[in-house]
Amino acid sequence: MPNPTAAMLVIGDEILSGRTRDANMYHLAGQLTQAGIDLKEVRVVSDEQEDIVAAVQALSNRFDHVFTSGGIGPTHDDITADAIGLAFGTNVDIREDARALLAAHYAKTGSELNAARLRMARIPDGADLIDNPVSVAPGFKLENVYVMAGVPSVFNAMVASVLPTLTGGAPLLSNTLRVERGEGDLAGPLGSLAAENDHLSFGSYPFQKDGIYGSNIVIRGTDQTELDQVTDQLASLLGLEAS
């Protein structure tokens, strides 16, 4: 049985402008790989409501799970909750359980739960809250979409809250074969082996270091014994020893 599939939607002008380097995709990809959930697509969209709505609808229809990051804070450009509501035709308003979490947190810190901070309690009807042990303001899940913060420490904590609730498949494993030859010399044997093993994933990643040209051939699958056999087969075709 194939592994469940997932997509990620990164939301924010700061990512597209280059002002902020996204770390959340890297973290999510690694966590999903270990859980046996295949991350198939990642999109980055601006803080434009119609773009978020369109992306959420497209990804939700194609994949088993969709994870979003960004746009659920207290400022005017944090519009993800409203966009998710529109994507699923659901009303968005302040939720009492979310408001209570924020009220308790800000009372403890001696800060005011003002109108801006209260925006973080606006949740689409029918959504389940996602725990935020870092800064309390919750994420939420609606349908198959998990809506999480863009701040990496908070995003990571929310991913840790969500993943135990998901059913994964077989973790994706990989072998790497370093070949000190140009890709043009590897393409024929590599292509033939990939065609014979189309249930595996083959990737060629060229490098240049200290005047040496070559490529790291990465073979991915879910059966370590099979990966080792195919890696040995490729090494033999290239006249190398597998490592």
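1. **Basis.** This is a predicted model, in which local features need pLDDT of at least 70, side-chain atom pairs count only at pLDDT 80 or more, and totals for chains, interfaces and linings use all residues. Residues are numbered from 1 along each chain as its sequence is written, and side-chain values use heavy atoms, with hydrogens and water left out.

2. **The six-stranded sheet.** An open sheet of 6 strands runs in the order β2-β1-β3-β8-β7-β6, with mixed pairing. Its edge strands, β2 (38-45) and β6 (128-130), each pair on one side only. Neighbouring strands here are turned by 20 degrees against each other on average, direction ignored. Strands are DSSP runs of E, at least two residues; helices are runs of H or I, at least four; both are numbered from the N terminus. Two strands pair if DSSP finds at least two bridges between them.

3. **One end of that sheet.** β1 (residues 5-11) pairs with β2 in the parallel sense, over 7 bridges. A6 has L39 in β2 as its bridge partner. Helix α2 (residues 24-35) lies across β1, β2 and β3 (65-69), at about 165 degrees to β1. Contact means heavy atoms within 4.5 Å. Angles run from 0 to 180 degrees between N-to-C directions, with axes fitted to C-alpha atoms, for helices over the stretch in contact.

4. **The three-stranded sheet.** A second open sheet has 3 strands in the order β9-β11-β10, paired antiparallel. β9 (173-179) and β10 (201-209) stand at the edges with a single partner strand each, so one side of each lacks a neighbour in the sheet. β10 and β11 (residues 212-221) are joined by 9 bridges. F202 stands opposite I219 in β11.

5. **Its helices.** α8 (residues 183-196) lies across β9, β10 and β11, at about 165 degrees to β10. α9 (residues 224-237) also lies across β9, β10 and β11, at about 15 degrees to β9.

6. **The cavity.** A cavity is a set of points on a 1 Å grid where a 1.4 Å probe fits but cannot get out; lining residues have an atom within 4 Å of a point. Of its 13 lining residues, I72, A81, R119, M120 and R122 are closest to the centre. α4 gives the most to this lining, with 3 residues.

7. **Helix α4.** In α4 (80-87), 6 of its 8 residues are buried, meaning under 20% relative accessible area (1.4 Å probe, protein chains only). Among them are T80, A81 and I84. G89 follows α4, with a positive phi near 65 degrees.

Technical notes. On a 1 Å grid over the protein atoms alone, a cavity is a set of points where a 1.4 Å probe fits but cannot get out, and a pocket is an open set with protein on both sides within 12 Å along at least five of seven lines; lining residues have an atom within 4 Å of a point. Buried means under 20% relative accessible area, exposed over 50%, partly exposed in between (1.4 Å probe, protein chains only).
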